[in-house]
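Student: I would like to go through this structure and ask what each label rests on.
Tutor: Then put the terms to me one at a time.

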Amino acid sequence: MSRHVVAPVRDLPPGSRKLVTVKGRPIAIFNIDGELFGILNRCPHQGGSLCEGRLIGLVESDQPGEYRFSRPNEILRCPWHGWEFDLRTGQSRCEPDRIQVKSYEVAVEQGQNVCEGPYVAETFPVSVEEDYVVVEV
Amino acid sequence: MSIIHPGAIDCDIHPAVPNLQALLPYMTDYWRDTVVQRGIDALESISYPVNAPITARPDWKPEKGRAGSDLERLRREALIPFGTSTAICNCLYGVHLLFSEDMALGYAQAVNDWIAKEWLDREPKLRASIVVPLQNPELAVEEIERLAADKRFVQVLVPVMGEMPLGKRIYWPIWAAAERHGLALCIHAGSSYRHSVTGIGWTSYYTEDYASNAQAFQAQVTSLICEGVFSKFPNLKVVLAESGFTWLPAHLWRLTKFWRGLRMEIPWVDRTPAEIARENIRLTLQPVDGPPSAGAFERLMEHMQSDELLLFSTDYPHWQFDGDEVLPPGLSSELARKIMVDNPRNTYSRLTETVT
């Protein structure tokens, strides 16, 4: 496992998303209200680009006719067939134990730390003045 | 029949009301009088036209009268040849056709009391379904409560094509009553003809009508699962009778596929529809709508992913097979035993209770 600098934080404001490539893997990074999530950009069903999916909340129910809505925008629906994935775990909502998408640790690091390493910044120069989005792959 | 299993339980036979006169002694004074006053001479459904080949197997068809209306013949033709220890009577009299809720209750009560007296009292191997006036769920519950203490009634009978999808909450008091009393819900082929028998309009031929029942069964399975009937009543067993069963795996693949993408619409469905179906839904054997070879039947059973879903039935006196070829060819002895004995016993809790 290594940590990869993928973008300056200013490129990923809350409510935005970004597709990056790390070690040849396409990874979709989401900023949900300031919290960062990363998942492999490939739906385990048929390979749909999850980065283009719609975000919804978690819908649960104890009995017919009851709808419990929580965690707005933390559930991602694949743009192809609508399968839901929990951004925190990568687990599908339909069959969480069987169907999952790979999720990645995403963090914000100060430029100072990033410049010192041991981070890998593959595609752009980093400076000590900025904060960066770092993915562990 | 290659494999006879003593103690076979036939889950779908059809004693016939010979004529309306036979029900009169079981009607209240009021309803008996309306039959006379209004000149009602029969309550016929076109689901099984009297002269349609399927309605009566040629060797089971009496010279006069209705097939399935004579107990002695039923013993000789339906019970003895198959080593049947128990057979469940589904009386398909046209109670579901009526538009008056009260009249439907009056006729349902008459049919149920008639079957108890004329069939169950006279043949201890017989069990029966409670015919309910689905036209009014409150009255349907009332009829279940009236008969629930008689353990010879093992399920509640409704037609596959009624007024509304059976998963709708308006029907839930009926399903609650069934679950409470350990009664299964039997959904049988046939229509009350409130709607066309297909989703695309009225058909021209009986062949189309009969084959279309399978689509209606699919719609009911979908409705029961999606509306959450099995989430609310997890112990309710639903028996699809005279439904065929080869369509089930393909339909469950499709339903499960779309549920995966639209789960948030029906969040109470917390397992795949296929899992729910395998737990709560059973299907009677006849008619075996193909496949013709033993190998293909084995593959079908693999697709069903369970050998606990099929329940032995002859569908007597309907013409679904000839001679004693009631089982599909090449069935293993073990599977035959499950279909004929174990699966019915596991489906109908009342069958294993002592009847006094």
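Predicted model: local features only at pLDDT ≥ 70, side-chain atom pairs only at ≥ 80, totals over all residues.

Student: Why are helix 4 of chain B and helix 5 of chain B called roughly parallel?
Tutor: Helix 4 (residues 101-120) of chain B and helix 5 (residues 137-147) of chain B pack at an angle of about 20°. Angles under 35 degrees count as roughly parallel, and therefore these two helices are roughly parallel to each other. Their axes are 10 Å apart, and the crossing is right-handed.

Student: Which residues of helix 4 of chain B and helix 5 of chain B make the contact?
Tutor: Helix 4 of chain B brings Glu101(B), Leu105(B), Ala108(B), Gln109(B) and Asn112(B). Helix 5 of chain B brings Leu139(B), Glu143(B) and Leu147(B). By class, that contact has four nonpolar, two polar and two charged residues.

Student: How do you know whether Glu242(B) is buried or exposed?
Tutor: Glu242(B) has 28 C-beta neighbours inside 10 Å. The cut-off for buried is 20 or more, so Glu242(B) counts as buried. Glu242(B) lies in the loop between strand 6 (238-241) and helix 9 of chain B, and has a positive phi of about 55° although it is not a glycine.

Student: Why is Arg71(A) called partly exposed?
Tutor: Arg71(A) has 15 other C-beta atoms within 10 Å. A residue is exposed at 12 or fewer and buried at 20 or more, so Arg71(A) is partly exposed. Arg71(A) lies in strand 6 (residues 68-77) of chain A, and its phi is near 45°, a positive value in a residue other than glycine.

Student: Where are the cis peptide bonds in chain B?
Tutor: One joins Gln286(B) and Pro287(B), with omega about 5°. Pro287(B) lies in the loop between strand 7 (281-284) and helix 11 (294-304) of chain B. Another runs from Tyr316(B) to Pro317(B), with omega near 0°. Pro317(B) is in the loop between strand 8 (310-311) and helix 12 (333-347) of chain B.

Student: What makes helix 2 of chain B hardly covered?
Tutor: The count of buried residues among the 10 residues of helix 2 (residues 29-38) of chain B is zero. Just after this helix, Gly39(B) takes a positive phi of about 70°.

Student: Which residues touch the most other members of the largest nonpolar core?
Tutor: Ile29(A), Val111(B), Val132(B) and Val156(B) do, in a core of 130 residues. The largest share of this core, nine residues, comes from helix 4 of chain B.

Conventions. Residues numbered from 1 in each chain as written. Chains lettered and ligands numbered in written order. Axes fitted to C-alpha atoms, helices over the stretch in contact; angles between N-to-C directions. Helix = DSSP H or I, 4+ residues; strand = E, 2+ residues; numbered from the N terminus. Parallel < 35°, antiparallel > 145°, perpendicular 65-115°, else oblique. Left-handed = near helix turned anticlockwise from the far one by under 90°. Contact = placed C-beta atoms within 7 Å. Nonpolar A, V, L, I, M, F, W, Y, C, P; charged D, E, K, R; others polar. Core = buried A, V, L, I, M, F, W, Y, C linked by C-beta atoms within 7 Å.
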